Amino acid sequence: MSLSYQDMLTAVKVVLKTGNVPNIVGEAGIGKSALVETVAQELQAKLYTTVVSLSEKGDLAIPVPPLTDNSFVETEHYGSLANVKFGYSETLVDIIKQAELHPDVKIIWFLDEFNRGTQAVQSELMNLVLQRQINSLKLPEQVQIVIAENPDSTMAGFEDSNYGVTAGDTAIKDRTVRLVLRVSASDWLSWARANGQDGHENIHPLVQAFVEEEPDMLSPKQHGDDLFPTPRAWQRVSDSLFELDNQSPEVRSKLQLELFKGDLGELVGRAFNSFVKQQGNQLTPESILASADFETTLSEFSSLDEVQKQQLLKSWLTQVAEYPLDDSRNADYFQQLLKQMSPDGQYVVIQTVGQIEHLADILKPMFSNLQSESVASLYRYFGKIATRNDAGDDI
């Protein structure tokens, strides 16, 4: 049986309160690290993390020369000899310092990707997990250990798993509580909508909207050898989107698809890119006129549905004071965009002209600048659309 994110939060805290070691099992990128961070916050504990897959034998405790002159032995024929003692990793030293300075504050030591470490590294960690001891050093009472593993084919329900793992020792399995974490789109979306420390939502609204429509895409069960979506990958996509919102339209146009594919793979990356374009969030009158590549902008506009095209051009007409149509370049761009629409869609847009309170703000300046070929062409095109007959003559 597996647990959702919210249920797992409770389960890990229950196991820690019993004095046992939780072993969180789940696919890569599913949110195990984020979950442990949340547990530490809720327990008001200081969190330390060691990624076991990146560790080598001796990283926790290695023999080093002593640090004082008194530790050296001078010999008559063999020079200076050192009495070798054990030195400990920076993380372990920091944990001991924290425990001494704040004896009443809980400490969680998170051993991530435990079964992706080598057998030698796992063996080195045995006494830490089982006996709470490394060499002569015993862990302070307030230190609690949480481990996380990727699935391996020896685990029930993961017979087809192909992660590069080293199956855990029987003693580890016997002394830890295995808790399997499953992906829950509803739980993830609840977290995604919450505000982070930077003030905006944890996950970009466009990612939220896509996952709401396609919840299976949060972490597909079936996927090929290409990159594929995971909750962690979607968080990176969200980070990219927040940054792309601050970029110029031309930079965004060049980078967006490649960034999405780099996190989600070719197929899902393209699908999400199309979804983003369909939202119309990229195109505004300001971004259209600021673009250095109008052909790309025109292509993006053509990919929108009819309602989105109408909304964009109607918005332009209501902001004509900022983006006047008696300007040659503005008039040329507006007409090219307008021609991307169906005749009925064009008519709906032009109806907006007649509904604007200050109609003269649009047409009078255009009439005053008919010497501009682009402005004159758009002015005439407005007239054709407004006077077309009910049979829907082609324009």
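Two strands count as paired if DSSP finds at least two bridges between them. Helices (H or I, at least four residues) and strands (E, at least two) are DSSP runs, numbered from the N terminus. This is a predicted model, where local features need pLDDT of at least 70, side-chain atom pairs count only at pLDDT 80 or more, and totals for chains, interfaces and linings use all residues. Residues are numbered from 1 along each chain as its sequence is written, and side-chain values use heavy atoms, with hydrogens and water left out.

**Exercise 1.** Work out the strand order of the open sheet, then find which strands stand at its edges.

*Solution.* Start with the order: six strands run S1-S12-S2-S11-S8-S3, with parallel pairing, in an open sheet. Now look at the ends. S1 (2-3) and S3 (46-51) each have a single partner strand, so one side of each lacks a neighbour in the sheet. Next, zoom in on S3: it pairs with S8 (residues 107-112) in the parallel sense over six bridges. One to check by eye is Thr 50, whose bridge partner in S8 is Leu 111. Touching here means contact, that is, heavy atoms within 4.5 Å.

**Exercise 2.** Describe how H7 packs against H8, and sort the contact residues by class.

*Solution.* First the geometry: H7 (residues 205-213) and H8 (residues 231-244) have axes 8 Å apart and an angle of about 140°. That makes H7 oblique to H8, given that under 35 degrees is roughly parallel, over 145 roughly antiparallel, 65 to 115 roughly perpendicular and the rest oblique. Then the residues: Leu 206, Val 207 and Phe 210 of H7 meet Trp 234, Val 237, Ser 238 and Leu 241 of H8. Sorted by class, that's six nonpolar, one polar and no charged. Nonpolar covers Ala, Val, Leu, Ile, Met, Phe, Trp, Tyr, Cys and Pro; charged covers Asp, Glu, Lys and Arg; the others, Gly among them, are polar.

**Exercise 3.** Is Gln 308 buried or exposed?

*Solution.* Find Gln 308 in H13 (residues 306-318). Its relative accessibility is 16%, so Gln 308 counts as buried (under 20% relative accessible area; exposed is over 50%, partly exposed in between; 1.4 Å probe, protein chains only).

Note on methods. Axes fitted to C-alpha atoms, helices over the stretch in contact; angles between N-to-C directions.
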